[in-house]
Amino acid sequence: MRGDPEEARKRLETARFAFRDVGDVVGAAWTSTELCRAELLLNGARPDMMLELKAAPLAHREHGDVRGEAWATLLQGVAYADADLPGSAAHVLLQTLRLFERVPDRLGIAWTRHHLAWLTRGDRTAALRRVLDAFDETGCLNGPAWTLLLQAAPPGADRVRLDEAQSRFEALGDTAGEQWVAVVRDGPGSSRGARAVRALTSCYPRPVLKNTEWDDFDTIPLMVRHLLPETAASPDGAPPGEVSPAAFVRLALLDDCPATGEGARIVLRVEPGREYSGATSENLLPPLTARATPLSRADVDPTHSVPVNGTALFRFTPYQTGRHRIRFTIEDAESNTVLQQVETEIEVIGTTGTAPVSAAPQPMPTPALGQGA
(Lines give C-alpha, C1' and ligand atoms only; values in the text may rest on other atoms or scores of the structure.)
Protein backbone atom coordinates (compact mmCIF):
# COMPACT_ATOMS: atom_id res chain seq x y z
CA MET A 1 0.00 0.00 0.00
CA ARG A 2 2.99 2.32 0.33
CA GLY A 3 3.80 1.97 -3.35
CA ASP A 4 5.43 -1.47 -3.37
CA PRO A 5 2.69 -3.90 -4.45
CA GLU A 6 5.21 -6.63 -5.28
CA GLU A 7 6.47 -6.71 -1.69
CA ALA A 8 2.88 -6.45 -0.47
CA ARG A 9 1.96 -9.49 -2.54
CA LYS A 10 4.76 -11.57 -0.99
CA ARG A 11 3.73 -10.67 2.55
CA LEU A 12 0.05 -11.23 1.85
CA GLU A 13 0.78 -14.70 0.47
CA THR A 14 2.64 -15.51 3.68
CA ALA A 15 -0.23 -14.13 5.76
CA ARG A 16 -2.82 -16.15 3.84
CA PHE A 17 -0.94 -19.40 4.47
CA ALA A 18 -0.58 -18.48 8.16
CA PHE A 19 -4.32 -17.78 8.50
CA ARG A 20 -5.14 -21.09 6.84
CA ASP A 21 -2.73 -22.95 9.12
CA VAL A 22 -4.56 -21.70 12.24
CA GLY A 23 -8.00 -22.14 10.67
CA ASP A 24 -8.82 -18.42 10.54
CA VAL A 25 -11.18 -18.34 7.54
CA VAL A 26 -12.00 -14.65 7.99
CA GLY A 27 -8.33 -13.64 7.93
CA ALA A 28 -7.71 -15.84 4.88
CA ALA A 29 -10.60 -14.16 3.05
CA TRP A 30 -9.26 -10.70 3.86
CA THR A 31 -5.76 -11.54 2.62
CA SER A 32 -7.24 -12.93 -0.61
CA THR A 33 -9.09 -9.63 -1.10
CA GLU A 34 -5.92 -7.62 -0.49
CA LEU A 35 -4.01 -9.87 -2.89
CA CYS A 36 -6.54 -8.87 -5.55
CA ARG A 37 -5.76 -5.22 -4.77
CA ALA A 38 -2.02 -5.82 -5.18
CA GLU A 39 -2.59 -7.73 -8.43
CA LEU A 40 -4.71 -4.88 -9.81
CA LEU A 41 -1.89 -2.45 -9.15
CA LEU A 42 0.71 -4.76 -10.66
CA ASN A 43 -1.11 -6.07 -13.70
CA GLY A 44 -4.31 -4.11 -14.16
CA ALA A 45 -7.86 -5.44 -14.56
CA ARG A 46 -7.07 -8.59 -16.53
CA PRO A 47 -9.93 -11.05 -17.28
CA ASP A 48 -8.57 -13.66 -14.82
CA MET A 49 -8.32 -10.98 -12.14
CA MET A 50 -11.93 -9.95 -12.74
CA LEU A 51 -12.98 -13.56 -12.08
CA GLU A 52 -11.08 -13.55 -8.78
CA LEU A 53 -12.71 -10.26 -7.83
CA LYS A 54 -16.16 -11.73 -8.42
CA ALA A 55 -15.32 -14.59 -6.04
CA ALA A 56 -13.79 -12.37 -3.31
CA PRO A 57 -17.08 -10.99 -1.86
CA LEU A 58 -18.56 -14.50 -1.76
CA ALA A 59 -15.76 -15.74 0.52
CA HIS A 60 -16.59 -13.01 3.05
CA ARG A 61 -20.33 -13.63 2.73
CA GLU A 62 -19.88 -17.34 3.56
CA HIS A 63 -18.51 -16.34 6.97
CA GLY A 64 -21.06 -13.59 7.64
CA ASP A 65 -18.44 -10.83 7.31
CA VAL A 66 -20.48 -7.99 5.81
CA ARG A 67 -17.64 -5.46 6.13
CA GLY A 68 -15.24 -7.74 4.26
CA GLU A 69 -17.86 -8.38 1.59
CA ALA A 70 -18.37 -4.62 1.19
CA TRP A 71 -14.67 -3.79 0.75
CA ALA A 72 -14.19 -6.67 -1.68
CA THR A 73 -17.21 -5.47 -3.68
CA LEU A 74 -15.82 -1.92 -3.70
CA LEU A 75 -12.59 -3.27 -5.17
CA GLN A 76 -14.60 -5.05 -7.85
CA GLY A 77 -16.42 -1.82 -8.76
CA VAL A 78 -13.15 0.11 -8.96
CA ALA A 79 -11.72 -2.56 -11.27
CA TYR A 80 -14.73 -2.30 -13.59
CA ALA A 81 -14.31 1.47 -13.73
CA ASP A 82 -10.60 1.21 -14.54
CA ALA A 83 -11.42 -1.38 -17.22
CA ASP A 84 -13.66 1.26 -18.88
CA LEU A 85 -16.91 -0.52 -17.99
CA PRO A 86 -18.79 2.36 -16.30
CA GLY A 87 -22.20 0.67 -16.39
CA SER A 88 -20.94 -2.44 -14.58
CA ALA A 89 -18.94 -0.25 -12.20
CA ALA A 90 -21.97 1.84 -11.22
CA HIS A 91 -24.11 -1.29 -10.68
CA VAL A 92 -21.51 -2.90 -8.41
CA LEU A 93 -20.80 0.33 -6.51
CA LEU A 94 -24.50 0.76 -5.71
CA GLN A 95 -24.43 -2.77 -4.25
CA THR A 96 -21.33 -1.75 -2.30
CA LEU A 97 -23.09 1.28 -0.85
CA ARG A 98 -25.94 -0.87 0.47
CA LEU A 99 -23.46 -3.27 2.10
CA PHE A 100 -21.50 -0.48 3.81
CA GLU A 101 -24.75 1.04 5.09
CA ARG A 102 -25.63 -2.31 6.69
CA VAL A 103 -22.41 -2.42 8.78
CA PRO A 104 -22.38 0.67 8.95
CA ASP A 105 -18.90 1.70 7.74
CA ARG A 106 -18.77 5.44 7.08
CA LEU A 107 -15.29 5.34 5.57
CA GLY A 108 -16.45 2.76 3.04
CA ILE A 109 -19.59 4.82 2.35
CA ALA A 110 -17.47 7.92 1.67
CA TRP A 111 -15.15 6.13 -0.77
CA THR A 112 -18.06 4.49 -2.57
CA ARG A 113 -19.81 7.83 -3.02
CA HIS A 114 -16.52 9.32 -4.23
CA HIS A 115 -16.23 6.68 -6.95
CA LEU A 116 -19.89 7.00 -7.91
CA ALA A 117 -19.38 10.76 -8.28
CA TRP A 118 -16.41 10.06 -10.55
CA LEU A 119 -18.72 8.02 -12.79
CA THR A 120 -21.26 10.84 -12.97
CA ARG A 121 -21.17 12.73 -16.23
CA GLY A 122 -22.18 16.34 -15.92
CA ASP A 123 -22.41 18.51 -12.81
CA ARG A 124 -20.87 16.67 -9.85
CA THR A 125 -20.72 19.70 -7.55
CA ALA A 126 -23.43 18.74 -5.05
CA ALA A 127 -22.40 15.07 -4.93
CA LEU A 128 -18.74 15.93 -4.31
CA ARG A 129 -19.65 18.40 -1.58
CA ARG A 130 -21.48 15.58 0.22
CA VAL A 131 -18.46 13.32 -0.29
CA LEU A 132 -16.16 15.87 1.36
CA ASP A 133 -18.50 16.09 4.36
CA ALA A 134 -18.58 12.28 4.58
CA PHE A 135 -14.77 12.04 4.61
CA ASP A 136 -14.50 14.77 7.24
CA GLU A 137 -16.75 12.74 9.56
CA THR A 138 -14.32 9.81 9.44
CA GLY A 139 -11.06 11.73 9.84
CA CYS A 140 -9.80 10.35 6.52
CA LEU A 141 -6.97 12.48 5.08
CA ASN A 142 -6.34 11.26 1.55
CA GLY A 143 -10.03 10.94 0.56
CA PRO A 144 -10.61 14.73 0.72
CA ALA A 145 -7.43 15.38 -1.30
CA TRP A 146 -8.65 13.16 -4.13
CA THR A 147 -12.16 14.62 -3.91
CA LEU A 148 -10.82 18.18 -4.20
CA LEU A 149 -8.77 17.12 -7.21
CA LEU A 150 -11.88 15.59 -8.77
CA GLN A 151 -13.80 18.82 -8.11
CA ALA A 152 -11.05 20.86 -9.75
CA ALA A 153 -10.62 18.67 -12.84
CA PRO A 154 -11.26 20.23 -16.28
CA PRO A 155 -13.08 21.72 -17.95
CA GLY A 156 -12.34 25.01 -16.22
CA ALA A 157 -9.87 23.70 -13.64
CA ASP A 158 -10.54 25.30 -10.23
CA ARG A 159 -7.20 26.77 -9.09
CA VAL A 160 -8.32 27.26 -5.48
CA ARG A 161 -9.30 23.61 -5.07
CA LEU A 162 -6.13 22.52 -6.87
CA ASP A 163 -4.05 24.49 -4.38
CA GLU A 164 -5.90 22.92 -1.48
CA ALA A 165 -5.54 19.42 -2.96
CA GLN A 166 -1.82 20.09 -3.47
CA SER A 167 -1.32 21.13 0.16
CA ARG A 168 -3.21 18.08 1.40
CA PHE A 169 -1.15 15.70 -0.73
CA GLU A 170 2.04 17.38 0.49
CA ALA A 171 0.95 16.98 4.12
CA LEU A 172 0.35 13.27 3.46
CA GLY A 173 3.69 12.80 1.73
CA ASP A 174 1.79 11.51 -1.31
CA THR A 175 4.20 12.34 -4.14
CA ALA A 176 2.00 10.73 -6.77
CA GLY A 177 -0.97 12.84 -5.69
CA GLU A 178 1.14 15.98 -6.08
CA GLN A 179 2.06 14.97 -9.64
CA TRP A 180 -1.61 14.38 -10.53
CA VAL A 181 -2.35 17.92 -9.39
CA ALA A 182 0.38 19.21 -11.72
CA VAL A 183 -1.07 17.26 -14.65
CA VAL A 184 -4.55 18.67 -14.01
CA ARG A 185 -3.26 22.21 -13.42
CA ASP A 186 -0.96 22.54 -16.42
CA GLY A 187 -2.10 19.83 -18.81
CA PRO A 188 0.06 16.92 -19.98
CA GLY A 189 1.08 18.86 -23.09
CA SER A 190 2.84 21.61 -21.12
CA SER A 191 6.46 21.32 -20.02
CA ARG A 192 5.50 21.10 -16.33
CA GLY A 193 2.72 18.65 -17.11
CA ALA A 194 5.07 16.47 -19.16
CA ARG A 195 7.54 16.38 -16.26
CA ALA A 196 4.70 15.35 -13.96
CA VAL A 197 3.69 12.55 -16.34
CA ARG A 198 7.28 11.24 -16.36
CA ALA A 199 7.36 11.41 -12.56
CA LEU A 200 4.08 9.47 -12.34
CA THR A 201 5.45 6.61 -14.42
CA SER A 202 8.04 6.03 -11.69
CA CYS A 203 5.37 6.11 -8.93
CA TYR A 204 3.42 3.05 -10.10
CA PRO A 205 4.00 -0.31 -11.76
CA ARG A 206 3.83 0.01 -15.56
CA PRO A 207 0.34 -1.54 -16.09
CA VAL A 208 -1.35 1.01 -13.80
CA LEU A 209 -0.93 3.87 -16.28
CA LYS A 210 -0.70 1.84 -19.48
CA ASN A 211 -4.19 2.77 -20.70
CA THR A 212 -4.26 6.31 -19.33
CA GLU A 213 -5.45 8.88 -21.85
CA TRP A 214 -3.45 11.95 -20.89
CA ASP A 215 -5.78 14.23 -22.82
CA ASP A 216 -8.77 13.21 -20.67
CA PHE A 217 -8.26 13.81 -16.97
CA ASP A 218 -11.36 11.83 -16.02
CA THR A 219 -9.33 8.71 -16.70
CA ILE A 220 -7.13 9.01 -13.63
CA PRO A 221 -7.28 5.36 -12.45
CA LEU A 222 -9.45 4.90 -9.41
CA MET A 223 -7.20 2.17 -8.06
CA VAL A 224 -4.32 4.57 -7.35
CA ARG A 225 -6.46 6.35 -4.77
CA HIS A 226 -6.09 3.41 -2.40
CA LEU A 227 -2.30 3.28 -2.22
CA LEU A 228 -1.77 5.03 1.13
CA PRO A 229 -2.89 3.53 4.46
CA GLU A 230 -5.63 5.61 6.09
CA THR A 231 -4.15 5.57 9.57
CA ALA A 232 -6.27 8.43 10.90
CA ALA A 233 -9.59 7.24 9.54
CA SER A 234 -12.31 5.71 11.70
CA PRO A 235 -14.86 3.41 10.02
CA ASP A 236 -17.55 4.19 12.58
CA GLY A 237 -17.22 7.94 12.09
CA ALA A 238 -15.80 8.89 15.52
CA PRO A 239 -13.35 11.83 15.32
CA PRO A 240 -9.69 10.73 15.08
CA GLY A 241 -7.97 10.50 18.44
CA GLU A 242 -11.29 10.17 20.30
CA VAL A 243 -12.03 6.50 19.65
CA SER A 244 -12.20 4.66 22.96
CA PRO A 245 -12.49 0.89 23.19
CA ALA A 246 -15.88 -0.49 24.11
CA ALA A 247 -14.22 -3.07 26.34
CA PHE A 248 -10.88 -4.38 27.60
CA VAL A 249 -9.52 -7.91 27.60
CA ARG A 250 -8.02 -9.03 30.94
CA LEU A 251 -6.06 -12.25 31.45
CA ALA A 252 -5.20 -13.93 34.75
CA LEU A 253 -3.20 -17.06 35.55
CA LEU A 254 -5.10 -18.92 38.29
CA ASP A 255 -2.31 -21.41 39.10
CA ASP A 256 0.92 -19.77 40.25
CA CYS A 257 3.30 -22.59 39.34
CA PRO A 258 2.86 -23.82 35.78
CA ALA A 259 5.15 -26.82 35.24
CA THR A 260 6.10 -28.86 32.21
CA GLY A 261 3.53 -31.53 31.46
CA GLU A 262 1.06 -30.10 33.98
CA GLY A 263 -1.93 -27.90 33.27
CA ALA A 264 -2.50 -24.34 34.53
CA ARG A 265 -5.76 -22.45 34.26
CA ILE A 266 -6.06 -19.10 32.48
CA VAL A 267 -9.18 -16.99 32.77
CA LEU A 268 -10.03 -14.44 30.09
CA ARG A 269 -12.35 -11.63 31.14
CA VAL A 270 -13.98 -8.94 28.98
CA GLU A 271 -14.65 -5.74 30.95
CA PRO A 272 -16.60 -2.71 29.67
CA GLY A 273 -14.53 0.43 29.07
CA ARG A 274 -14.66 3.61 31.13
CA GLU A 275 -17.35 5.08 28.90
CA TYR A 276 -19.71 2.37 30.13
CA SER A 277 -19.02 2.65 33.83
CA GLY A 278 -21.47 0.51 35.79
CA ALA A 279 -22.48 -1.58 32.78
CA THR A 280 -21.82 -5.28 32.47
CA SER A 281 -20.42 -7.05 29.45
CA GLU A 282 -23.63 -9.06 29.17
CA ASN A 283 -25.82 -6.00 28.52
CA LEU A 284 -23.20 -3.95 26.64
CA LEU A 285 -21.36 -6.20 24.20
CA PRO A 286 -22.54 -8.46 21.41
CA PRO A 287 -22.20 -12.24 21.93
CA LEU A 288 -18.45 -12.92 21.93
CA THR A 289 -16.26 -15.97 21.47
CA ALA A 290 -12.60 -16.45 22.30
CA ARG A 291 -10.01 -18.94 21.09
CA ALA A 292 -6.45 -19.49 22.20
CA THR A 293 -3.50 -20.31 19.96
CA PRO A 294 -0.19 -21.40 21.58
CA LEU A 295 2.83 -19.89 19.83
CA SER A 296 5.31 -22.24 21.52
CA ARG A 297 5.58 -25.94 22.41
CA ALA A 298 2.45 -26.14 24.51
CA ASP A 299 -1.24 -27.03 24.36
CA VAL A 300 -4.17 -24.81 25.26
CA ASP A 301 -7.57 -26.39 25.75
CA PRO A 302 -10.17 -26.08 24.46
CA THR A 303 -8.70 -25.80 20.97
CA HIS A 304 -11.93 -24.39 19.51
CA SER A 305 -13.68 -21.05 20.08
CA VAL A 306 -15.65 -20.83 23.32
CA PRO A 307 -18.41 -18.39 24.37
CA VAL A 308 -17.35 -15.46 26.55
CA ASN A 309 -20.08 -15.02 29.16
CA GLY A 310 -18.17 -12.30 30.92
CA THR A 311 -15.28 -14.78 31.27
CA ALA A 312 -13.86 -17.81 29.48
CA LEU A 313 -11.59 -20.48 30.96
CA PHE A 314 -8.62 -22.15 29.24
CA ARG A 315 -6.11 -24.79 30.35
CA PHE A 316 -2.45 -24.26 29.45
CA THR A 317 -0.07 -27.27 29.34
CA PRO A 318 3.61 -26.51 28.52
CA TYR A 319 6.03 -29.20 27.30
CA GLN A 320 9.30 -27.34 27.80
CA THR A 321 10.75 -24.79 30.17
CA GLY A 322 11.23 -21.15 29.25
CA ARG A 323 8.96 -18.41 28.05
CA HIS A 324 5.70 -19.40 26.37
CA ARG A 325 3.48 -17.10 24.36
CA ILE A 326 -0.26 -17.50 23.75
CA ARG A 327 -2.48 -15.52 21.39
CA PHE A 328 -6.16 -14.98 22.22
CA THR A 329 -8.58 -14.00 19.45
CA ILE A 330 -11.89 -12.32 20.33
CA GLU A 331 -14.67 -12.55 17.74
CA ASP A 332 -18.24 -11.40 17.30
CA ALA A 333 -20.13 -14.71 17.56
CA GLU A 334 -22.86 -13.67 15.12
CA SER A 335 -20.69 -12.44 12.23
CA ASN A 336 -17.41 -14.32 12.98
CA THR A 337 -15.68 -10.95 12.69
CA VAL A 338 -12.34 -10.68 14.50
CA LEU A 339 -12.57 -7.76 16.93
CA GLN A 340 -9.21 -7.97 18.67
CA GLN A 341 -6.19 -10.14 19.35
CA VAL A 342 -4.07 -10.04 22.48
CA GLU A 343 -0.99 -12.03 23.46
CA THR A 344 0.45 -12.93 26.82
CA GLU A 345 3.66 -14.60 28.04
CA ILE A 346 4.05 -17.25 30.74
CA GLU A 347 7.43 -18.24 32.15
CA VAL A 348 7.80 -21.97 32.90
CA ILE A 349 10.77 -22.81 35.14
CA GLY A 350 10.41 -26.57 35.54
CA THR A 351 8.49 -29.13 37.52
CA THR A 352 8.89 -27.22 40.79
CA GLY A 353 9.34 -23.67 41.93
CA THR A 354 7.27 -20.57 41.58
CA ALA A 355 6.90 -19.02 38.17
CA PRO A 356 5.96 -15.41 37.56
CA VAL A 357 2.33 -14.66 36.85
CA SER A 358 1.70 -14.08 33.16
CA ALA A 359 2.36 -10.63 31.78
CA ALA A 360 -0.45 -8.22 31.01
CA PRO A 361 -2.04 -8.89 27.64
CA GLN A 362 -0.33 -7.12 24.76
CA PRO A 363 -2.72 -5.98 22.02
CA MET A 364 -2.06 -7.02 18.47
CA PRO A 365 -2.75 -4.44 15.73
CA THR A 366 -6.52 -4.10 15.49
CA PRO A 367 -7.82 -5.31 12.11
CA ALA A 368 -9.33 -2.62 9.93
CA LEU A 369 -12.57 -4.56 9.81
CA GLY A 370 -13.69 -4.01 13.40
CA GLN A 371 -13.35 -1.94 16.54
CA GLY A 372 -11.01 -3.42 19.12
CA ALA A 373 -12.57 -5.33 21.97
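Me: How many Å separate N and O in the salt bridge of Arg106 and Glu137?
Reply: A salt bridge puts a side-chain nitrogen of Lys or Arg within 4 Å of a carboxyl oxygen of Asp or Glu. Here the N to O distance is 3.8 Å. The pair links distant parts of the chain, 31 residues apart: Arg106 lies in helix H6 and Glu137 in helix H7. Helices (H or I, at least four residues) and strands (E, at least two) are DSSP runs, numbered from the N terminus.

Me: What kind of model is this?
Reply: This is a predicted model, where local features need pLDDT of at least 70, side-chain atom pairs count only at pLDDT 80 or more, and totals for chains, interfaces and linings use all residues. Residues are numbered from 1 along each chain as its sequence is written, and side-chain values use heavy atoms, without hydrogens and water.

Me: Is Glu34 buried or exposed?
Reply: Buried means under 20% relative accessible area, exposed over 50%, partly exposed in between (1.4 Å probe, protein chains only). Glu34 is buried, at 18%. Its salt-bridge partner is Arg37, with the closest N and O atoms 2.7 Å apart. Arg37 is buried too, at 14%.

Me: Which residue forms a salt bridge with Arg323?
Reply: Glu345 does, at 3.4 Å between the closest N and O atoms. Arg323 belongs to strand S7 and Glu345 to strand S8, 22 residues apart. Shared partners join Arg323, Arg325, Arg327, Glu343, Glu345 and Glu347 into one network of salt bridges.

Me: Which residues of strand S1 are on its covered face?
Reply: In a regular strand, side chains alternate between the two faces of the sheet. In S1, Ala247, Val249, Leu251 and Leu253 form the covered face. Phe248, Arg250 and Ala252 form the uncovered one.
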